[in-house]
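Let's take a friendly walk through this structure together. Please have the sequence and the 3D view ready before reading on.

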There are 2 protein chains.
Amino acid sequence: MDTSFICDLPSGPLDFYRRNVKFDWKKLKLVFEEAALLKIKLRVWKTLEKDPLFQKPDEEPTTQEQKRIAALQLQQFRKYKFMPKSSEKASVKDRARYLMTINEALAATYPDVSVKQGIGVFLFQNTLSTLGTERHQHFIEAIWNRQSLSALALTEVAHGSDAKNMKTTATYDKETKEFVINTPDFKAAKCWVGNLGKTCTMVLLFAQLYTGSQCFGLHAFVVPVRDPNTLLPYPGLIIGDIGEKIGLNGIDNGFIMFQNYRIPRQNLLNRTADVTVDGDYESSFSEPGKILGAALENLSAGRVGIMQECSNNLISAVTIAVRYAAVRTQFGSDNGHELPIIEYQLHQWRLFPYVSAAAVLKIFTTSLATDYLNAVEMSNTDTAIENLREMISEIHAIISATKPLVSWTSLHAIQECREACGGHGFLKAARFGDLRNTVDPCVSYEGDNNVLLQQTSNWLLRQWSAVMNHNQTHSPLKTCSFLTNYRSILSTKFIGSSTKHVKTVEFIRQTYEWLITYLLKITHQKQMELMTTQNRFTARNHSQVYKATVLSKAYGEYVTLKYYWKCIYDQNLERDLVVVLEALGLLYGLSSLDKHLVYLLQGNYDSGPLVQLVKDAILDLCEDVKNYAVPVTDALAPSDFVINSVLGKADGKLYDNIQAEFFNNPNAMSRPTWWREIRVDHNADLRMNSKL
Amino acid sequence: MDTSFICDLPSGPLDFYRRNVKFDWKKLKLVFEEAALLKIKLRVWKTLEKDPLFQKPDEEPTTQEQKRIAALQLQQFRKYKFMPKSSEKASVKDRARYLMTINEALAATYPDVSVKQGIGVFLFQNTLSTLGTERHQHFIEAIWNRQSLSALALTEVAHGSDAKNMKTTATYDKETKEFVINTPDFKAAKCWVGNLGKTCTMVLLFAQLYTGSQCFGLHAFVVPVRDPNTLLPYPGLIIGDIGEKIGLNGIDNGFIMFQNYRIPRQNLLNRTADVTVDGDYESSFSEPGKILGAALENLSAGRVGIMQECSNNLISAVTIAVRYAAVRTQFGSDNGHELPIIEYQLHQWRLFPYVSAAAVLKIFTTSLATDYLNAVEMSNTDTAIENLREMISEIHAIISATKPLVSWTSLHAIQECREACGGHGFLKAARFGDLRNTVDPCVSYEGDNNVLLQQTSNWLLRQWSAVMNHNQTHSPLKTCSFLTNYRSILSTKFIGSSTKHVKTVEFIRQTYEWLITYLLKITHQKQMELMTTQNRFTARNHSQVYKATVLSKAYGEYVTLKYYWKCIYDQNLERDLVVVLEALGLLYGLSSLDKHLVYLLQGNYDSGPLVQLVKDAILDLCEDVKNYAVPVTDALAPSDFVINSVLGKADGKLYDNIQAEFFNNPNAMSRPTWWREIRVDHNADLRMNSKL
């Protein structure tokens, strides 16, 4: 294993926790990240680090200025050649993988620019190449030539998750052979459209297609919105920027209203359906594989990207907090000798489950991206359509459970890490604020987490019905094929008596399989019971809390672990690496199960020592993980430039770094320019104050 | 009950959920807030709303500009007379209450200004009047005359929670009759000091007092740091601003290093100890009541203020989310008819426990502030010192459990409410970002939450020992006097069989008493067991997770409910109000217990239906609360000016308000000034791009 391209870490106070571990952190790094992909990322990061345009500003710029900088950075980034030379001969899948990796590297450092590129370039190109036809090729070329930038307009002011209910219309006008686009009222204004606020020239619009007086549902159109030469909007449009957000202010999210705005008939993306010159609607399902693939592409690509971004931000957060905890001392048992806070059990328990989550979710998202690209590739080749359809449904179910899991875990980890760094964690230079503001919207966009969870549980409930009716599942990826054994699973009881009985891969797998089966059973029962008096919609709504949502969460955890163990055991890793990776997987599994213990008791999976054993095992594992938490995060972590935190530098020189930060702050020492305005007014009415 | 001074709410889409409730929301408002205090707040808010200096800026100013505005606002605020006329004749306690109320009103709208005033004025005055003597009177006068502004310098770069280990020294020099202050290295620089960055002229410094070569521990000194005429620092000091933070950037937090910096001997606050001209250290415990009172004052005043602020921010968050949920529709069972999202059980379950927490914690913090002021008053009168000492310990234990409870609940609620408003919740104008950034540091400062929890559990464990040894508790406020019945409590089992058996005040009280007793028992056992091989320090550290921390959290929840029920039942309230308040209290109690169910099962409090009954009861109560969630939040909520959210206005005109926000954004429609910089460069190297 060649690790020579990975730089050594600087020596410093962290050495104490880097010594005495049996494994080579660089080899561990290559378990978390494939060498070829890591090399691409390192190239991206080194390039950006040298580019003045990508240096961090001294102080947070105004939101207007953030938009300007992000637009310039996007322009610059698109000029770089990051694809490896070898990629010219690579497969479509590998090239897609390289592109995803480049964007992942960008997202870890400049999330605004990455989103702008993702929406403005990749999403546009993907959608056109799957939903469009030859007649749209020139739009793609204009994007690649940087002559235009795109945006995706789906969400409306009054409708987000419920996409079918969008109100924007595109009505075909036979006379002029155009579509006439209208926004009935402000509630139907497209909004939150990234790049639309200031910079894009085209919009990929989803609108209800009408021809004659008949509505054919949502369709996609390419809509030019700004003159590429002047960047001024065209007449008939009201375009604006939606204003400041909690974070990601470099992205110019906008809104748009259409007033009898006309576009050529050909701007309809017509792979699956078209409107003839005479206004006849024609649907063409001639290539079902491709259409399924398109659906998959459009639904899932963004979510996989979000998961990668969130898992990288999770890594940054735990790296900062672990390095801080290893250097920061506070209190101690003997006078004078202070203990690093990483030595406190409570602190370990607060951080290490998130360290283990970082490891598991990193490996999971990487493996899932591979599965996803495989499915996309299958859709472009000759495959049994039925199997492909099932696989796409399963991937959709997996992503609908794990996008929430990864984004929430990241968000909660960032907050816990912020708190674990105390007041210093509240410094902007610690970076937790920016990480949180970047991850926060990930729980809402590209499918609201709570809505997505329901998609997973619906799929699982369909599998449950298939098991009940035909004793089979439609699970080519085998994430729920165990359900056919539901009778023996439900009759299982925990029979261990020591922590060593719960600190096993097998225990966690079995317990999750029991839990998922149990939750499926009670959720199904609840829905059946409700449906005797209510409709399906209401029955579903009343079986989410404590049932379907928990089911989807448990399934997500189970699946991430399944991918993790497969990745660990499929490689022929050194024993010392396996020991560490096992401890991390077990800690993740048990601390995830810890949240569901009450269901294990309620369902009589155990009436004895299980609860105590799981909790004891978690604390044992935290103690183990403490011994290698620093090198594990070294293996997970990108460079200081990417982590960009005064508290989390690899040299561990915490206080020197804080000192430099304080003293280099450009406004640190100077008297403020406005000092005269606040100087005490000696002639003030003192009587007034004496009363206050 | 005179409610005429409370304005009616504007009519609009929220009327639907305001009709058909049996109670008068204005009367409910006066349960949450005493009329006299509410009137003060309304006066503050009306005044600020009319003052141009307190208008919200169009866009987030730079952090430097935020500091300037906050400094000007502080100056302006201090000129207003908000104390009611009647206060001239009021008791010291009532005057203190009025002052707290004014500051609470300020904190709800301008947290930065409130913190600057709290630290710069009140904390200084309180500390000098309790730890200082006549010789420091002129410092207080200078503050009141607005000739100086203060700061509190305790925290050092390397020490926060562990205050005893601070390294800054103040060494008495007999020759010049001065103290010489030194900062040994950057790790000992005082930091995070509010007002120190740019604006304060004096610092209340805590440093290790040395005379001769002997150290007498931390003492407080008044240290002039800037010339009040020029606002330039004095020689011998390195003062700076620590730079940007996640939030509260109007506060100029600073750092300071002392280099043989000299102050007069008299600047030592000498109520409890003094150094004579000749350098002899003399401690004087002549007024133990006053000293205890001082200790209480200094430890707790800030924490009570934090709890009030957090509970107000919690109220703002749930008000926004409930009003949004009542107006926002999405999906529905029939075609065309969409359901307001407040009707979805999952959404109810996400929000209403926080609505109930807002009600309970609001009443709790108000009642606690009264108890706290009573104790302060007692310390100024003739009281049995022993009882006072016990009461102060108990209040400290209560605050150490509830400051974490209130701040964390508020933080988690804000996040859940942000998510419950979907993408729109991510708008800065929705206000969740600012609320979160304001509450976030509250979990760390004035006592880190995790450290505080340990203080509560230590106190509870001492009570447990007292029960074991003498069958008594030292609990004058009776928050744990039930422990003397521990035998019968621990032998209690749950015997109910229907949700009506758990939807009672009595069930929740009994269950919490069982839970606290059980957790005390197992925590004590664990510590005893550990202490056979380890020292007390290690034993405590290894009995926090799953034991002492849970104990303190459960105790905090129990105490808040105890205060809540007392407040509800001590007043002779109308039946219709009691019905609502009971439902809120039960929902808060059960949803808090929901987090601890596994301990009830583990300790054999129940082996039957309890888990299911609690969960069913929570969902029942959510359905009840849905019927009056809107008027309940109306009763809790301050005016639109204070809530300051485009999503949460009282008129419920959600989409009109969003439209106004989008269109009034000053940079919404215009082409950016930098459009030329990002326009497509047609001469760019197209080959380069085609490879990307």
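## A look inside two chains

Setting aside neighbours within four places in sequence, B:Ser300 touches B:Tyr372 and B:Ile399. Keep in mind that this is a predicted model. B:Ser300 sits in helix H8 (residues 288-327) of chain B. Is B:Ser300 buried or exposed? B:Ser300 counts as buried because its relative accessibility is 1%, and the cut-off for buried is under 20%.

Now for the salt bridges. Over all chains, the structure holds 60 of them.

| Pair | N to O distance |
|---|---|
| A:Asp8 and A:Lys26 | 2.5 Å |
| A:Asp620 and A:Lys503 | 3.3 Å |
| B:Arg18 and B:Asp634 | 2.7 Å |
| B:Arg68 and A:Glu677 | 2.9 Å |

Start with the salt bridge between A:Asp8 and A:Lys26. A:Asp8 lies in the segment before helix H1 (15-18) of chain A and A:Lys26 in helix H2 (residues 25-32) of chain A, so this pair ties together parts 18 residues apart in sequence. A:Asp8 is exposed, at 62% relative accessible area, whereas A:Lys26 is buried, at 11%.

Next come A:Asp620 and A:Lys503, joined by a salt bridge. This pair links distant parts of the chain, 117 residues apart: A:Asp620 is in helix H20 (residues 610-626) of chain A, and A:Lys503 is in the loop between helix H14 (499-502) and helix H15 (505-531) of chain A. A:Asp620 is partly exposed at 30% relative accessibility, and A:Lys503 is partly exposed at 25%.

In chain B, B:Arg18 and B:Asp634 also form a salt bridge. How many residues apart are B:Arg18 and B:Asp634? The answer is 616, with B:Arg18 in helix H1 (residues 15-18) and B:Asp634 in helix H21 (residues 629-636) of chain B. B:Arg18 is buried at 17% relative accessible area, and B:Asp634 is buried at 2%.

Finally, look where the chains meet. In chain B, 139 residues are in contact with 140 residues of chain A. The area buried between chain B and chain A is about 12700 Å², with 59% coming from carbon and sulfur atoms. Six salt bridges cross this interface of chain B and chain A.

Key: Residues numbered from 1 in each chain as written. Chains lettered and ligands numbered in written order. Predicted model: local features only at pLDDT ≥ 70, side-chain atom pairs only at ≥ 80, totals over all residues. Heavy atoms only, no water. Contact = heavy atoms within 4.5 Å. Buried area = accessible area lost by both parts, 1.4 Å probe. Salt bridge = Lys/Arg side-chain N within 4 Å of Asp/Glu carboxyl O. Helix = DSSP H or I, 4+ residues; strand = E, 2+ residues; numbered from the N terminus. Buried < 20%, exposed > 50% of the residue type's maximum accessible area, 1.4 Å probe, protein only.
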